[in-house]
Amino acid sequence: MSKVIECKNISKTFESVNGDFQVIGDISIEADQNEILVLFGPGQCGKTTLLKVIAGLEPATSGTIHINGKEKTKPGPECGLVYQTTALFPWLTTMGNVEYGPKVQGVPKKERRARAQKYIDLVGLTGFEKSYPIQLSGGMRQRVGIARVYCNEPEVMLMDEPFGHLDAQTRYLMQEELERIWQTEKRTIIFVTNNIEEALYLADRVLVMTNCPATIKKEFKIDLPRPRDYTDPEFLRLRQEITSIVDPAE
Amino acid sequence: MKHKTLKHSGNKQWKYLIMSVCSIVTFLLVWEVCTDVLHLTTPTTLPSPVRVFSTFIDKFTNTKPDGATLQVHTLESMKVALSGYFIGVVIGVPLGIAMAWFKPVDYFVTPLFDLLRPVPGIAWLPVMIVLFGIGLLSKAMVIFLSAFIACVINSYSGIKNTKPVHLWVGQTFGASNLQLLFKIAIPTALPMIFTGLKVALGASWNALIAAELLAATKGLGFMINQARGIYRPDVILVGMIAVGITGAILGAVIDALQKVFIKRRR
Amino acid sequence: MKKRKKINGVRVGIGAAAICSFLCLWAFATREGTTLGILMPGPVEVFTHLVETTYTKVGPLTIWGHMFNSLRRVLVGFTIASCCGILLGLAMGWNRTLEAIFRPIFELLRPIPPLAWISLAIVWFGLGEGGKYFIIFVSGFSNVTINVYTGAKSVDPELIGAAKMLGCSERRIFPSIVIRSSVPYIFTGLQIAISSSWAAVVAAEMVRSTNGIGWMITAGQSVGNMEQIMVGIIVIGVIGFLLSTFMRGVESKLCAWSRVQDS
């Protein structure tokens, strides 16, 4: 099966007057069609930057990124990013935010409204089309963030700890929601988290990352049936194995 | 992948700094060229920067054409402005705090204040002149009103914006209402109160100049007005520059005070 | 999100009582036989005069004519100041080169109080309308520019990144994101500017004019007609209040999305 996304030898160094700071060591990542690939690692170093590099929002110091064969050098709709902070446009309603991608790409109104409505329904926000982000709860905002990227129909979806700011209860709920959404409309997803249960619940494969400079320590293939069971013995064994090899957070 | 040269904080800053300096130099040069070289304007409409500068220096010692030197005018203006300003602050800040903290005060005073608020201070000058004559008091009253209004508004906002959470914490420690006010609400409101002090200063200074245009025998506003009558725009500009500089210095004083008072919090 | 639509009865009651007591105090202080009573009229005289001015002329015009002139001046000056201020603020906030060029000149001119420009305006524009428009412009421009500049500089870079990620072209980032994001700041600037512009009109008319509410006040002073002065002050207050309220209304409609709700 040909790879949807291939990142070869990505590295990233930030230059500053205080000296250079290498955030990403040598990383190569590939993902298959409709696979959920989880990047699991401690602390804050490198993972968000890696996603931003893949999305084209930050230039890599070295390495290449190819999406379905084409090289990616700038941000664009082929690779969508769901932000940890949601980054919703506060002056737009839910509908406005979700249809933003198609709108700036020139999709006619009727078609893009219908498309946006489909994804608003998919994430479970029917009825909140006219609400502004400030009127929505954290979990609901994150759903808008997901719908917004889905609506753009990207080839790859990147998710940067999207549930990190939510309380535990909502977090579990959102994990199940994402599973359900993905089952309904399959997409290739690269998902970043530092929560082991979240990683094992969602992933087809888990890449364990190191601290700065970030590299890939080990890869785990997760073959458990979906939806996953947090109490399954194999789930727990994998959890034990992965947490034992992870670097402690800095 | 193209390499983007990351901003070395040194490099680009210098580039913009040079642009800024060039911008000011160009502005002055264009002004100079249009007046002294090309004679696009007459000296009675727009004098050259060189002329303005020489008049500025001259005014430190020359009492013509309006009867006093620059320093004397400046001090006179400051005297009037600061007297009105201080009274405005001393009454306005506590009143604003009281209005925001004690509901009975709020309910009673706010409607009256809202009636007063939209009237610019300067509009009261004729009333003040009738009541107090042409002198320092009438102008100081006008300035008092301008400063007072700004102080009340900002102090009120500052106290109203105290986070309820902080107050609840104080209450669980058994603090009384007054203690909550003095130990939590006021310190939190200090930045806004200082903003109010600056706004009030600007308003006072503005009102002062207008008041002196209408009723004075000394002071920067008077100097500017006299100069207009005898077609000396260079003196007008000198006056405007002096007003600007004095205002800026007074503002900087408040900024410094703010750093002293608020430093220990952050 | 609760909208407090209930009118607080106690608040209105006490407010009304406050205004009544003020009027009574005023009437009492200026009654027959007191020194104050000789100098100043009581509320009754003032309100009678106010009503009179609606159908008799004060100088060249009735009060409606004066109001119209003052409003015309303020609206023209304010509109020009707002447009220029918004343009300059957005330009300086978004483009560092423009910021480096224009900001120094702006910061040099900013400390000069708007009303200090009056004399210069008269020299340049004579005694006609141009000078007044200029003063009103100067009063409003600085505030609008500063607030819009702050707004344009505070655009969340994540939002710009998100827009690009969703397919927005570089050209469209400015109108689509920067301007929309700056709207609350624009309105803060406009609110301050409308009050300063109204104050400037009054001052400009007091210094040099042949009509307008500000003129009415100085004219009243020169003939010792205190009722006229008081009527002028009341009208200034009322119009100033209406202008601010209007601006706040527009802002709450357009900036509904940024209202921080009570938690």
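## A first look at chains A, B and C

In chain C, the centres of domain 1 and domain 2 lie 30 Å apart, taken over C-alpha atoms; the domain bounds come from an automatic or database domain assignment. Welcome to a predicted model, in which local features need pLDDT of at least 70, side-chain atom pairs count only at pLDDT 80 or more, and totals for chains, interfaces and linings use all residues. Residues are numbered from 1 along each chain as its sequence is written, chains are lettered from A in the order in which they are written, and side-chain values use heavy atoms, with hydrogens and water left out.

**The two domains of chain C**

- Domain 1 of chain C covers 1–40, and domain 2 of chain C covers 45–258.
- Four residues of domain 1 of chain C are in contact with four residues of domain 2 of chain C, where contact means heavy atoms within 4.5 Å.

**Chain A as a whole**

- Chain A has eight helices and 10 strands; helices (H or I, at least four residues) and strands (E, at least two) are DSSP runs, numbered from the N terminus.
- Chain A is as compact as a globular protein of 250 residues, because its radius of gyration of 18 Å is close to the 18 Å that the globule rule gives for that length. The radius is taken over C-alpha atoms, and the rule is 2.2 Å times the number of residues to the power 0.38.
- Along the principal axes, the C-alpha atoms of chain A fill a box of roughly 50 × 45 × 40 Å.
- Of the 250 residues of chain A, 55% are buried, meaning under 20% relative accessible area (1.4 Å probe, protein chains only).
- Among contacts in chain A with a separation of 6 or more, 69% come from residues 24 or more positions apart.

**Helix α9 of chain B**

- Helix α9 of chain B spans residues 220–229 and is mostly covered, with eight of its 10 residues buried.
- The buried residues of α9(B) include Leu220(B), Phe222(B), Met223(B), Ile224(B) and Arg228(B).
- Just after α9(B) comes Tyr231(B), with a positive phi of about 60 degrees.

**Thr246(B) in helix α10**

- Helix α10 of chain B runs over residues 233–263 and holds Thr246(B).
- Thr246(B) counts as buried because its relative accessibility is 10%.
- Thr246(B) is in contact with Thr74(B), Met78(B) and Trp205(B), leaving aside its neighbours within four places in sequence.

Conventions. Buried means under 20% relative accessible area, exposed over 50%, partly exposed in between (1.4 Å probe, protein chains only).
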